[in-house]
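Colleague: I have a few minutes before the next run. Can you put the model up and take some questions?

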Amino acid sequence: MTLIKLFQEKKNRQSYCWIMRQAGRYLPEYKKLRAKYPSFLDLCLNPTAAAEVTLQPLKRFDLDAAIIFSDILIVPYALGQDLAFIEGQGPVLDRIEVPSDIQRLVANYDRFTPTCEALTRVKSSLPQSINLIGFAGAPWTVACYMLEGKSSKAFDRAKAFAFRYPEAFSELLDLITKTTIAYLKKQVEAGAQVLQIFESWGEAVPDCLVESVVYKPTQEILQSLKASFPHVPILGFPRGLGEKTQDYQQRTGVDGVSLDARLSLEWVKKTFKENVVLQGGIDPQVLVVGGDLLKREVERYRALERQGPYIFNLGHGIVPETPIEHVVDFIKYIKGS
Ligand code: CP3
């Protein structure tokens, strides 16, 4: 049984699990390979290395999916924005400050080639039982980084731009949306079998903009991908949208929703029925602490698995401090093996 089957049948014949950011700094083999590259971006853009990193967690753990090792900021990079990942600081981009800065952005799809090559390599070495996930950031989340120039808690600069220059902002979102559609299509052609759209900064969206900056562009991505690849399941991760998560699913048409840890499990249970695949929700700190807490949380989320199609995962990316033994326990609790 595979994840794809779960999307088709909407029935859990077994327990499924993968982990957001499953290839990353909590693994010594990742750190070792990463140290050979001057920067994180160099690693992402090397197809052989990116493929190897993607496969690292699968060598250790009984996971049901591989997620391609890349980053949501590859889209701004393909649009010609300067991008660097600085140690201890995260991503740094030459931020868009005024509407005329948008004119400088020109899509260069060649910049997607390394990730696509990595996908093809990974796909050829995966057994049929493990599906390959491709991904991209949702347009609002990607725009947040492009306008802010770095990570932020509230993305106020991005929000102010959206309010101050609505036309320019809509033009920017449109450009990101079109580029993302092209990127995701190339990922499917290269071997991606399932897609995930990360709306990681859903919590920064003002209520009056949620329709135009989240639902509409994501719906456009869905429509275009479904027209070309009707059988490729698409998961959305609308982090921080709270009870708007239901509208998000209905308005965008995503086949599955990745839950963040702040959503009430009771609300999720009564809101989503068996036609929507649910995923994730467990707080990454639970995996850091481990033990009984981890066991209890797995059992609490099992209620979703009993009710409809559900994939075990975290409510956000695994953090570097996570002990590897806790990941082993996590999968053991989930799969009973
Ligand atoms: O899940 C996976 O294993 C695939 C790899 C993956 C990465 N980034 C690798 C990465 C995925 C799916 C992403 C998505 C991503 N990137 C998101 C959406 C998911 C989320 O976490 O909300 C976002 C917001 C980004 C942007 C980004 N990339 C930030 C803010 C940072 C710095 C923060 C940090 O953790 O250091 C990155 C860097 C990054 N992307 C790392 C990894 C493994 C760490 C860099 C390193 O190894 O030096």
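Modeller: This is a predicted model, and we can start with the ligand and then turn to some single residues.

Colleague: Fine. Which residues come nearest to the ligand?

Modeller: Of the 23 residues around the ligand, the nearest are Arg21, Arg25, Tyr30, Ser200 and His316.

Colleague: Take tyrosine 30. How far is its polar side-chain atom from the ligand oxygen?

Modeller: That distance is 2.4 Å, from a polar side-chain atom of tyrosine 30 to an oxygen atom of the ligand. For arginine 25, an N or O atom in the side chain is 2.6 Å from a ligand oxygen. Alanine 23 uses a backbone N or O atom, which lies 3.3 Å from an oxygen atom of the ligand.

Colleague: And how much of the ligand does the protein bury?

Modeller: The protein buries 89% of the 870 Å² that the ligand exposes when taken alone.

Colleague: Where does the ligand sit?

Modeller: The ligand is in the largest pocket. Two elements give two or more residues to the shell around the ligand: helix H2, residues 28-34, and strand E4, residues 90-93.

Colleague: How do the shell residues divide into nonpolar, polar and charged?

Modeller: There are 13 nonpolar, 6 polar and 4 charged residues in the shell around the ligand.

Colleague: Change of topic. What is the phi of lysine 10?

Modeller: Phi is about 55° there, a positive value, although lysine 10 is not a glycine. The residue belongs to the loop between helix H1 (3-9) and strand E1 (16-17).

Colleague: Is lysine 10 buried, exposed or partly exposed, and why?

Modeller: Lysine 10 is partly exposed because its relative accessible area is 30%, and that class runs between the 20% and 50% cut-offs.

Colleague: What about phenylalanine 155, where is that?

Modeller: Phenylalanine 155 is in the loop between helix H7 (139-148) and helix H8 (156-164). Its phi is also positive, near 50°, in a residue other than glycine.

Colleague: Buried or exposed?

Modeller: Phenylalanine 155 counts as buried because its relative accessibility is 0%, and buried means under 20%.

Colleague: Last one, alanine 118. Which helix is that in?

Modeller: Alanine 118 is in helix H6, which covers residues 113-125. At 0% relative accessibility, alanine 118 counts as buried.

Colleague: How far apart are alanine 118 and aspartate 94, in sequence and in space?

Modeller: They are 24 residues apart in sequence, and their C-alpha atoms are 27 Å apart in space.

Technical notes:
Residues are numbered from 1 along each chain as its sequence is written. This is a predicted model: local features need pLDDT of at least 70, side-chain atom pairs count only at pLDDT 80 or more; totals for chains, interfaces and linings use all residues. Side-chain values use heavy atoms; hydrogens and water are left out. A residue is near a molecule or strand if one of its heavy atoms lies within 4 Å of it. A polar contact is a pair of N or O atoms within 3.5 Å; within protein, one must be able to donate a hydrogen and the other to accept it, and residues adjacent in sequence count only if both atoms are side-chain atoms. Accessible areas come from the Shrake-Rupley method with a 1.4 Å probe; for residues, only the protein chains shown count as cover. On a 1 Å grid over the protein atoms alone, a cavity is a set of points where a 1.4 Å probe fits but cannot get out, and a pocket is an open set with protein on both sides within 12 Å along at least five of seven lines; lining residues have an atom within 4 Å of a point. A molecule sits in a cavity or pocket if more than half of its atoms lie within 2 Å of its grid points. Helices (H or I, at least four residues) and strands (E, at least two) are DSSP runs, numbered from the N terminus. Ala, Val, Leu, Ile, Met, Phe, Trp, Tyr, Cys and Pro count as nonpolar, Asp, Glu, Lys and Arg as charged, and the others, Gly among them, as polar. Buried means under 20% relative accessible area, exposed over 50%, partly exposed in between (1.4 Å probe, protein chains only).
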